[in-house]
Protein chains: 2
Amino acid sequence: MFALSCRGCGSALPLDSRVWRCPSCGRALWLSSDRGFHSLDEIVCRDRRGIWRYSRALPFAERPVTLGEGGTPLVRGNFWGAELLLKLEYISPTGAFKDRGASACITRAAALSARSVVEDSTGNAGVAAAAYAARAGIGARIYVPADAPAAKRGLMAALGSEVVECRNRGEAAARAVSELREGELYIGHGWDPFYIEGMKTAAFEIFEASVVPDAVIVPVASGTLLLGLQRGFGDLLRAGLMEMMPRLFGVQGESCAPLYEDLHGRVEVGVGSGLADGLRIADPPRRGEIVEAVRSSGGDVFVVSDPEIAAALRGLHRTGIMAEPTSAAALAAFAKNRRETGETIVVPVTGAGMKDVEGLMAALRSSP
Amino acid sequence: MFALSCRGCGSALPLDSRVWRCPSCGRALWLSSDRGFHSLDEIVCRDRRGIWRYSRALPFAERPVTLGEGGTPLVRGNFWGAELLLKLEYISPTGAFKDRGASACITRAAALSARSVVEDSTGNAGVAAAAYAARAGIGARIYVPADAPAAKRGLMAALGSEVVECRNRGEAAARAVSELREGELYIGHGWDPFYIEGMKTAAFEIFEASVVPDAVIVPVASGTLLLGLQRGFGDLLRAGLMEMMPRLFGVQGESCAPLYEDLHGRVEVGVGSGLADGLRIADPPRRGEIVEAVRSSGGDVFVVSDPEIAAALRGLHRTGIMAEPTSAAALAAFAKNRRETGETIVVPVTGAGMKDVEGLMAALRSSP
């Protein structure tokens, strides 16, 4: 039913292949399925909760590695006179939306009897990988840039992972694959197609909450959530349950905005966007596909700067939503680009502020 | 339908009374209801999630102040050869089970048009109060002991609360009520009956997950979760849905164990229990009722020490469960007192380790 496929050269591989990219052309692989859905009942297991509620749409679902991820609340929030629907993705086993992806890809790693998994991350994806690897009883090695928040590195270690410090984000990504050993599986979230499968469950949840968004605004670095939403809403469209793909808006920090630049050309960097430490991927593996997902949906990519992020962060906290700075980028982009439309707009709040309180405090202090 | 009542002197007060204890005898009040339930359908609103799924059993449910609390996962865990069911209460808007109580009692505060709420706390209850007060758009002032974790105090302030530092936990509790001003509502979690109402929803969730526990093991300080479970399971018993109250076990740190001492006499303090910083209430307002709940269910109160807590904390982390030290006390008590029984035992994991990573690291370092 499920297989792996390359959109670049058309290669197809069996589901249990232990590769992390296309062996022929080197591009990132996708999960493919010969099965479409025709109703919600074909997707939903009504007696289950979290992402494995949608196990009919997920590979290796017989033995999920789960900590109860997914099933996050969708709450109303009023900001600058406009009403948004906030999907509180930080209410999650490790405090970030990454748990959806980590659960799916470590489930695969366990099914393939991997001895150990390897990830590279600035923080949240690494903590998620560490937690799910521990849950599965398999090892984990996480490559982090030297300036990754100390609190997040500490959590990875507490969960039993080996943490390898690299000079920067690029070196972390490179060494994670170059130092891969026999029996280990690379699950880098920008590459692993199972990660995106985990993310698509967020679209199913939004739909099950009787919400059909006109637009979704998400922070993008590797783009796993944006691509996952595209896949999930795509399944619902093909099943005839929705009429249109929501417009997908990606948000980047102005200091590192490759997706914005692909659409609009060089960004004018003002004060920078150091607060969005989770968004620093200079050349994401699925770069072309993210841009295409945004463009084909009628969406766009926005950039935001530190003062805008800090103001949005303060706005979230003052309504009780304890987000981390990176995840406030989406609300900042909404504030900057909004028009009066009356549309249904969903904004995932992707990470918890409590995970790196020091970083949070510094960000809030920087807000006017 | 709902009212407030005093079990000490028998006083009854209307639901919208703005008192925080019995005006006649000074004891903690309880919520009472003239309505019993006869089936699960009378309790559950099937189209809702989280604690307000049980809004028929909750007061002021017309306008809940919610951040999507409750609906926490119940996952299997294997420790020292025994299988437990872990209720992951830290997967919550502010990373602790306190959110159930805070949602219920700030819902009441909003319904009574309180200008501001006042709480005293070592950390988790204060962060929860701060978040829900912000969500409701009302002020909050939190009294904390001087040694409350800096990260948690920072979060309270980030959420817009006024944080008042006191010399110790006892002074925090005393000043919170002595400095109460006109228009403010005291919601101290040890006193507020609405807090316990929020907690009882955990029992409904366990039952809805098709689990009928033989025993539940919970850390106790003010005892809100233990008393809430007793109330929730009590509702299910009276509805004929369960046959017996699960045995309720409370766990305290050996350095501050008033409930243990009420049952067993003076505790022999060895190395102490500084890691269980959330369990330091020397004389909880509902002390007699907690002891009675434990005793009448056939349960007990256990004490644990720092090395036991640290070992349990490490055990949790090594299975991917990112708990805080205080919440590992329950697993530590299980490890110390377990027998081979084959019983269904539920252990709530009450707080997230990511909220005070510094404290977490120190605790893990102290484990052999």
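Below are a few questions and answers on this predicted model.

Q: In what order do the 6 strands of the open sheet in chain B come?
A: Let's start with the sheet itself: it is open, and its pairing is mixed. At its edges sit strand 4 (74–79) and strand 12 (300–304) of chain B, each pairing on one side only. Reading across chain B, the order is 4-5-13-10-11-12.

Q: Which residue is the bridge partner of B:Val75 in strand 5 of chain B?
A: Strand 4 of chain B runs antiparallel to strand 5 (residues 82–88) of chain B, and 6 bridges join the two. For B:Val75, the partner in strand 5 of chain B is B:Leu86.

Q: What angle does the direction of helix 10 of chain B make with that of strand 10 of chain B?
A: Helix 10 (residues 325–337) of chain B packs on the sheet, and the strands it touches include strand 4, strand 5 and strand 13 (345–349) of chain B. Strand 10 (215–219) of chain B is touched as well. Between the directions of helix 10 and strand 10 of chain B, the angle is about 135 degrees.

Q: How many nonpolar residues does the side of chain A that touches chain B have?
A: Here 36 residues of chain A meet 36 residues of chain B. Helix 2 (124–136), helix 3 (150–158) and helix 11 (357–365) of chain A each supply at least two residues of chain A's side. That side has 13 polar and 3 charged residues, and the nonpolar count is 20.

Q: How far apart are the C-alpha centres of domain 1 and domain 3 of chain A?
A: The domain assignment puts domain 1 of chain A at 1–35 and domain 3 at 98–186. The distance between their C-alpha centres is 22 Å.

Conventions
Residues are numbered from 1 along each chain as its sequence is written. Chains are lettered from A and ligands numbered from 1 in the order in which they are written. This is a predicted model: local features need pLDDT of at least 70, side-chain atom pairs count only at pLDDT 80 or more; totals for chains, interfaces and linings use all residues. Two strands pair if DSSP finds at least two bridges between them. Helices (H or I, at least four residues) and strands (E, at least two) are DSSP runs, numbered from the N terminus. Two residues are in contact if their C-beta atoms, placed from the backbone, lie within 7 Å. Axes are lines fitted to C-alpha atoms, for helices over the stretch in contact, and angles run from 0 to 180 degrees between N-to-C directions. Ala, Val, Leu, Ile, Met, Phe, Trp, Tyr, Cys and Pro count as nonpolar, Asp, Glu, Lys and Arg as charged, and the others, Gly among them, as polar. Domain bounds come from an automatic or database domain assignment.
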